[in-house]
Each structure stands twice: as structure tokens, then as C-alpha cells.
2 protein chains.
Amino acid sequence: MAESKAAPQGKSVTSKVAAILDAFSAETPRLSLQALTERAGLPQSTTYRLASELVEWGGLEHGPGGYQIGLRLWEIGELARRGEQLRDLALPFMQDLYDATKENIHLAVLDGHEALYIERITGRRAARVVTRRGGRLPLHATGVGKALLAYAPPELVAEVLSKNLKRYTAHTVIAPAQLRRKLTEVRRTGLAFALEEMSLGTVSVAAPIFSAPETTVAALAVVVRSSRKDIQRLAPAVRATANSLSRILREQGFEPLSQVPERPRSRVASSHSMAV
Amino acid sequence: MAESKAAPQGKSVTSKVAAILDAFSAETPRLSLQALTERAGLPQSTTYRLASELVEWGGLEHGPGGYQIGLRLWEIGELARRGEQLRDLALPFMQDLYDATKENIHLAVLDGHEALYIERITGRRAARVVTRRGGRLPLHATGVGKALLAYAPPELVAEVLSKNLKRYTAHTVIAPAQLRRKLTEVRRTGLAFALEEMSLGTVSVAAPIFSAPETTVAALAVVVRSSRKDIQRLAPAVRATANSLSRILREQGFEPLSQVPERPRSRVASSHSMAV
């Protein structure tokens, strides 16, 4: 799903380590040496050596089912600041919304051309949904995605709409003009809906989270069964929670990192870059 | 805090990449190039080159405050299976317990000589606590830690008790004989308490989670303000939830991975190990 995964090019060992880690996905969380080799696009001897070193460190674990991402890497990943501060500020509000609705609560950020889910709350009686922490879903077919897209830079919107958008269900809106009207509607109402557009049987009511006027840093959603008759009644709760969280972010001076990490200046690069 | 962090030895680039990632901690989530260089114990040129490659991949991000762990690494870390399956099975039960108590709910596993917190639920009205996802706390001073230690292999218990245990508050029990009596009590009652032993003002009521008789895979706790007068009343709720979760783990055939990842056999290693 992550189209940003580049094949290992260049010769740097870091990129080979990255290729090995990138080989794992939600669909393929465990890989045999052969599968890992194929997905990483490296010689088997290289894959084996690097994977063994990663196992030694704890970044990978190796068991009967093959290799899998290790707990040490999870632990380090939890230190990612973009996400962490937002999550910490958002969780109590998400919990309040869960208390009021007993439904799935999702928090997502824009990452590339996708919605990256950074937190969720799920009750035992809530609708079964496809989302998981760290999961990605398309912008055009989800409530959080539309809420994020509605306030995204025009170039990004144009890029997303120019692609061949996938129709997940008969309800998925993929026509660019129709989607643009939906985004205008989101900006007018402060709410984004996805009515069985990602999967049949579930609907999403979402709202953007602002760290400053017109600056969306995330989107919040309640996802419920489509059989629920009072979906419109959820809208004020979602909007109120999004407003509260936006206010807290502004009060706390939350500063979103730019989507694209700043690249080191080439001047510094040339003076410091040396072989290991 | 994690004493397992080994200094970069050997010459493998993987271990250098690991040293760079290991330099980050909850206390130092952002590092300047110089700080990163010092903590990683590598030449600055090497640190700079590897960090730049990691930024390019998304494993690190670089902004005004220096380097930090990137969202891509968080995303990959979320794939760690040990933790993920347990978390997915545990979360609805943790949510039920939160609904019933409105207090902090923690889930921790044994990792090395520490309790590693893999999930938590926090409400807006719950007591402020030091725990975070991916955080580590000592076994002897926490409720989950004692619950885990009570069922740990005798050698591990001996190792932990033989160390100079830190006294976090005047209430922290550090005398080995006294701690052993506490662990016996945990095994007798199925409950572990930490009464202001980690920090003043908060108490923890914990219970072990079993995937099979005598096989503890995690511990669950409610952490509340010590001013709460009815702490004993929380005990049945914690134990009932731990029992339900243990039953589900057994029904689902949950198989904990061994603590120590299986090392590849040296026979294979020697035949495949080649320079990249």
C-alpha cells in the first residue's frame, strides 16, 4: 500500500537495512529467509547476514515462523515525536468521545497520499473495522482522509484526484469533480462523512483538528455500523471533541513537523560525508 | 534505564545503525548531531552519514531541534508481533475495565529485568502517572512488575533480587527477603500491589495474565491516586478482567514468543555469512 517504498538502490548498507525492514507489512508480518530475500531485493547471503545482525540487536526476532519485527524496534518507534505529542494530547479527548458513544474512535494524520492511523480506541461492542495503529487507508474513501484532504495544499489535492482512484465499494466516490464538491462541503460544515465507501456496513463521521487557522494536523473520526440509525446525532459530538482538541493544541503551542523531513544542507553533507 | 544497550562493538554497519537508533530515549527524544555522535559512540562523520541515510529513508526525521525518530520507524515498529497480538486481544478487556473504573489501565510484559509497558488507557480524570507505551519500569517497585516477577523463572528472580535495588520512595520495598514474601503473597492471592513504591501519590493493583497454567505472558494493572479510599474494591475487577483475558488467550491458542529470540544456527551462519 505504501507506494513510497523505494527499491534498494545505491550501495549504502543503511538502505539495505531499510529494505529488510520495509519488507515487513501488516499483510506479511512474518517472513522466511527466502521471502525476506525476495521482498528486500537483496542477495540471500546479504539478507541473511543483515537479518542476523538485526536479530542480535533485537530489531528483528526469529522464531519457527521466520523473521518478524522485534520488540526493540517497536520500543524505539514509540519515540517518534511526530505523533507522540499529538497522541498524548488527543487520547483523553478520544477517551471522552468513546465514553459518550462506545464506538470506534480513530485519529489519523496525512502522510504522503494516505491517511496514517496513529491512534484508535475500540470497545468490545464497537463495529469491526479494518483500521489499526500504524495502518494506512486512502484519503478519498475514508472520513479522516476527506477531512485531511479538505485542508491540504491545492497541489496535493490535485495530485490525489489525478490518480486512478480505487472504488472499494459501490458507494466509493471516485469522480474528481464530485470529490471536490465533497471537500468544499467539508470546509463549509467542518465535518466529513464516509458512508460505506471503504467497506460495506460501516460509516465514518470525521472532523479536522487544527493547530492554527487553516492548519490541519490530524483528523478525528467515530466509525460505526451503518445500521445505526442516528449517525447524524454523532456529528455534534465529533465536532465538539475536535474543537476541544484543536483548542488544546493551540494553547499548548503544538508545532507540527513538516510532512517532509528537512534534508541536511549539501554544504554540510560534502564536508562531513566520509566512508564508515 | 535499559542496561541492555550495548556499546557499538564489532564493525558491522548494522550495529552502527543500531547504535544511532539506541541513542534516542524517552528522556532524549531529540538529539543534535553532536549529542547523537556522543551517545552513539561513533565518529561524527560516520554518525552524520548514517543519520542522513536514515533521514532519507524516513527512519529519522531532522528539524530545528535536531534528529528524532521518524514516523516510518514507528509504523514498522507497530508490526512487532510479540505485543501486537496480545494488545489486540487485551484492549477490549482493558477498555471494559476502564469503563468500570475510569482509572489508568496498564498492560506490561517482562523484558529483560524490566516491565515493558505495551499498552495503556488513560482518561482525563485519571491520576497522572509516569508510564507510557514503550516505557520501562523496574519490576520490584511496580504492581505489574511484581505480578510478572512472581511467576518468573527462579534464576531470573534471583538475579533481580541480587542487584542493588533502587529505592524510589520511602515505601519501596528493596530487601530481598521481604520482596520474596511479597511474591509468595502474589502467587497465593493472584494480586500484586504497589503502594506508592514507584511514586508518591499513586498506587497500583495488578494481576498476572496466563496463557497456560504457571505461564505468565503479561500483567494488567489499575493505577489510581493513593487518596482513593476504596483500593481494595478495585481488586476483584482487576482479577476478573485478568481471568477473562487469560481465558481468551488460552482459547485463541496464544503462543508467547520466547523472551530471547532464537539465534540462527552457526552452521547456517558460516555457510551463508558473506560480506555485503
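Two strands are taken to pair if DSSP finds at least two bridges between them. The legends below describe a predicted model.

**View 1. The hairpin of strand 7 and strand 8 of chain A**. Strand 7 of chain A covers residues 192–195 and runs antiparallel to strand 8 of chain A, to which four bridges join it. Within this pairing, A194(A) has S204(A) of strand 8 as its bridge partner. Six residues lie between the two strands of the hairpin, where E196(A) adopts a positive phi near 55°.

**View 2. The hairpin of strand 8 and strand 9 of chain A**. Strand 9 of chain A, residues 215–225, is antiparallel to strand 8 of chain A, and ten bridges connect them. V222(A) in strand 9 is the bridge partner of V205(A). Two residues separate the strands of this hairpin, and E214(A) in the turn shows a positive phi of about 70°.

**View 3. Burial of strand 8 of chain A**. Strand 8 comprises residues 202–212 of chain A and is mostly covered, with nine of its eleven residues buried. In a regular strand, side chains alternate between the two faces of the sheet.

**View 4. The side of chain B that touches chain A**. Contacts link 62 residues of chain B with 62 residues of chain A. Elements of chain B that give two or more residues to this side include helix 1 (13–22), strand 2 (60–63), strand 3 (66–69) and helix 10 (266–272). Helix 3 of chain B gives the most, with eleven residues. By residue class, this side of chain B consists of 27 nonpolar, 20 polar and 15 charged residues.

Methods
Residues numbered from 1 in each chain as written. Chains lettered and ligands numbered in written order. Predicted model: local features only at pLDDT ≥ 70, side-chain atom pairs only at ≥ 80, totals over all residues. Contact = placed C-beta atoms within 7 Å. Nonpolar A, V, L, I, M, F, W, Y, C, P; charged D, E, K, R; others polar. Buried ≥ 20, exposed ≤ 12 C-beta atoms within 10 Å, placed from the backbone.
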